Structures are given as C-alpha cells and as structure tokens.
Amino acid sequence: MLDKGELEDLLVKLRLGTISIESAVSEIEQNFYSVDDNDNLTVWQKVGCPFDEMTECSGKDAHYIEMLIQQLHKKYHNFILTNVDENIMRELAPKFNKCIFLYDAGIITYIEKEREIKYDKPVAVITSLSVDDKIIKELEAMFNILGIPVEICSISEYETVSMQVIKNYISKAKVVIAAYDNDIRLTSIISNITKKPVILLSKNKNSTRYMLSNGALLAKPGSAVSAAMAVARII
C-alpha cells in the first residue's frame, strides 16, 4: 500500500504535470491494497462493485463458508463467493437452494434480482491457457453473472496462430484481457497491437507485478474476479 509520503509525492508529480492522470491512477490501483489476513481483493477492485459483498474463499473449510453464507443472507441482497473448493460446494448446495453453485468455476452467488444485460460490446479474452482451465471457467462465469458479453480466444490448441484472428477478436471488444501462465510474450503482443484497455491476468499467483509502458493493468495474479472487477470498473 502507498504510504502517506508516497501518495503525497504522487500528487505533487500530478500537479506539476510530470506524470499523466492515467499513470497516477494506475499507480494507485497497483498499490492500494486492503490490509487483512485473508489476502482479499484490493480496495480499488471493490469500488463500484455490483455486489453488496464479495469474498475469496481459498483455503476456507465448509463450516466457515456455511457460517459466512448465513451471515451474508441476513445483511445483503446479493453477494458472491469465489475460489470455493468443489467438494465443499457439493456439501453446502443442499443447504442453500436459493444460491447458485457454479462448480467448474468455484463460485457461489446469491442474487435477488437478475441483472439486465446492458453492454453491447464484449470483453475479449485472449489466452494461452485452455478454455477448460479453471481460471478461464471462473472468468467466463464472472462475466455471465455480471451480464457482460465475453468472447474467449484460446491459442493453446494451435501450433501457429494468425495475428489477424487475434486482431478480429480485439476489434469487436471494448476491453481486452490477456490470460497467461508463465510465458508473457502474449501480453506484450496484445499490448502493442491495440490502444484499447488491456488487463493482464496471470494464472501464476507468484507472478511478478509489473506494468507495461502503454498502461496495461495487471490483475491480482491467479484471481479471475480481480480481472472481472477491473473490467466492470472500466466500462
């Protein structure tokens, strides 16, 4: 998290015009983290969040998640839990028939009223991962819940990929997500062929945080929810 001095320095640079507004916002986004022992979503990712509450539940047991759902039902009209173990979901599903359990994506959600789709242009997900990869399943599920159209282009099954195919996906999208594992060549290619907002999503949770020169944002490594919330915030 930026400390008081670092934030003041950033604001001075902004006032003097030595950095752009976009760069200042990106710097804050990359460093403004909530401090808790759950390594939860960053504060900025919750700004404008369409859910009353959202929680990542990696490593949480069935009892904890059951108690959490009961508490959220009492307080909120809608909520979403992510990174829930599939066995735990199957154990809890019979107890909460008003919740939606998306097993492939590891998501439990409760929505009192369905949202109307209000976005005409889709999000393009260009990925070197398989479409069956859990993080891609989670990403697709998140956009379906949010009512945001999404098109996924997986290049993992091809030995060679036409650049025009990637450009066609990007041309129809408002925001582009580059989802990858260890090879960052795809992220560089995408960031250099479009001026549209680009969000980088690494499957590797230990990925080094960095920002490309064109302002592409790095979502929280390993968190499709982080990338989806970034998209919701942009559009």
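**Close-up views of aromatic rings and nearby charges**

Phe 79 is buried, with a relative accessible area of 0%. The model shown in these views is predicted.

**View 1. Phe 79 and Tyr 110 form an aromatic pair.** Two aromatic pairs are counted in this model. In the pair of Phe 79 and Tyr 110, the ring centres lie 5.6 Å apart and the planes make an angle of 35°, an arrangement classed as tilted. Distant parts of the chain are linked by this pair: Phe 79 belongs to strand β2 (residues 78–82) and Tyr 110 to strand β4 (residues 107–111), 31 residues apart. Tyr 110 is buried, with a relative accessible area of 12%.

**View 2. Phe 101 and Tyr 103 form a stacked pair.** The planes of the two rings are at 25°, and planes under 30 degrees apart count as stacked, so the pair of Phe 101 and Tyr 103 is stacked. The ring centres of Phe 101 and Tyr 103 are 6.4 Å apart. Phe 101 is buried, with a relative accessible area of 13%. Tyr 103 is partly exposed, and its relative accessible area is 24%.

**View 3. Lys 60 has its charged end over the ring of Tyr 64.** The distance from the charged end of Lys 60 to the centre of the Tyr 64 ring is 4.9 Å.

**View 4. Lys 172 has its charged end over the ring of Tyr 169.** Here the charged end of Lys 172 is 5.6 Å from the centre of the Tyr 169 ring.

Definitions and conventions:
Residues numbered from 1 in each chain as written. Predicted model: local features only at pLDDT ≥ 70, side-chain atom pairs only at ≥ 80, totals over all residues. Heavy atoms only, no water. Phe/Tyr/Trp six-rings, centres within 6.5 Å; stacked < 30°, edge-to-face > 60°. Helix = DSSP H or I, 4+ residues; strand = E, 2+ residues; numbered from the N terminus. Buried < 20%, exposed > 50% of the residue type's maximum accessible area, 1.4 Å probe, protein only. Lys NZ or Arg CZ within 6 Å of the ring centre and 35° of its normal.
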